[in-house]
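This briefing goes through selected features of one protein model, grouped by topic. The sequence and structure come first, and the notes follow.

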Amino acid sequence: MALGLFCGAGWLFLNKGLYLLPDKMCEGTLKRDMVKQVLPRAQSADSGSDSQGAGDDLSFWCHVTTSDDVSLSGEARVQSVSQQQWLDNYRGSGARHRIIHVSVGDIEGLAQIDPGTDTASVYVPCVPPAVPSHNASEPYAVIGETRVYGSAKATGVPLRQALTDFAYQLSQHAYKLAECKAPRDFPAELPRYKDQ
C-alpha cells in the first residue's frame, strides 16, 4: 500500500506541468484553470505570447505547449472581412462543415463540430484608427481563432465552449491593442452553447 501511495505521489509530481503555469498568461487572455480543463496532464508545459503590427495590421498570438506535444493556441488579428464572409469561411466552400453559432449584439462566436476539428472563432466588428472615414463602410473586424493540437482532455460542448471563450478573450484584448475607433462594452461572456 505504501508503495502504491509513493508511486501515485511520484506520478502526480512528475505530471504537474500545467499546475506550474502562471494563473494568467498571454497578457491576461488565458487562465490556468482553462488550460487545465482543456489539456491533459503533462510533465511540463510552457506558455508564450507575441504581438505584431498595429491598427489594421495588428496580430496577437498566444500558446501553451506541453511536453507531450499537445498544445492550445490562438490568435486574434484585425481583418477586412464581413460577418458573412467569416461565417462562410468556417462552413467551407464545397461540402458544408457543421458549426454551432452564438451571438450577442454584433459579436459572434462559433465552433466547428465536425469530428476531429477542435477550432473556435469570434468576430468583433472594429474600425481601426488608420482607416479613413471614406473607407469606414468597408467591414473590418477583430477575428479571434483558437485550436487544440493533439488529444485534448475536454471533448464535445465543454471543449467548444472553452475554445470559444479563449477566442473571445483574445478578441477583446486585440480590440484594445488595435485601438478600434468605437469603444464598446464587452459582455462578461458569450451565450453558452449548452443553452442552444
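Thr119 has a relative accessibility of 15%, which is under the 20% cut-off, so Thr119 counts as buried. The model described here is a predicted one.

**Thr119 and its surroundings**

- Thr119 belongs to strand β8, which covers residues 119–125.
- Apart from neighbours within four places in sequence, Thr119 is in contact with Tyr90, Ala111, Gln112, Glu145, Thr146, Arg147 and Leu163.

**Disulfides in the model**

- Two disulfides are present in the structure.
- When the bonded cysteines are numbered in sequence order, they pair as 1-2, 3-4.

**The disulfide of Cys26 and Cys62**

- Cys26 and Cys62 are joined by a disulfide with an S to S distance of 2.0 Å.
- The link of Cys26 and Cys62 is right-handed, with 75° about the S-S bond.
- Because Cys26 sits in the loop between β1 and β2 while Cys62 sits in strand β4 (residues 59–66), this pair ties together parts that are 36 residues apart in sequence.
- Cys26 is buried at 6% relative accessibility, and Cys62 is buried with a relative accessible area of 2%.

**The disulfide of Cys126 and Cys180**

- A disulfide also joins Cys126 to Cys180, with an S to S distance of 1.9 Å.
- The torsion about the S-S bond of Cys126 and Cys180 is about -85°, and therefore this disulfide is left-handed.
- Cys126 is in the loop between β8 and β9 (141–149) and Cys180 is in the segment after α4 (156–177), so the pair ties together parts that are 54 residues apart in sequence.
- Cys126 and Cys180 are both buried.

**The loop between β1 and β2**

- This loop runs between β1 (24–25) and β2 (30–31), and Cys26 is found in it.
- Glu27 is also placed in the loop between β1 and β2.
- Cys26 has a phi near 50°, a positive value in a residue other than glycine.
- Glu27 is not a glycine, yet its phi is positive too, at about 55°.

Methods:
Residues numbered from 1 in each chain as written. Predicted model: local features only at pLDDT ≥ 70, side-chain atom pairs only at ≥ 80, totals over all residues. Heavy atoms only, no water. Helix = DSSP H or I, 4+ residues; strand = E, 2+ residues; numbered from the N terminus. Buried < 20%, exposed > 50% of the residue type's maximum accessible area, 1.4 Å probe, protein only. Contact = heavy atoms within 4.5 Å. Disulfide = S-S within 2.5 Å.
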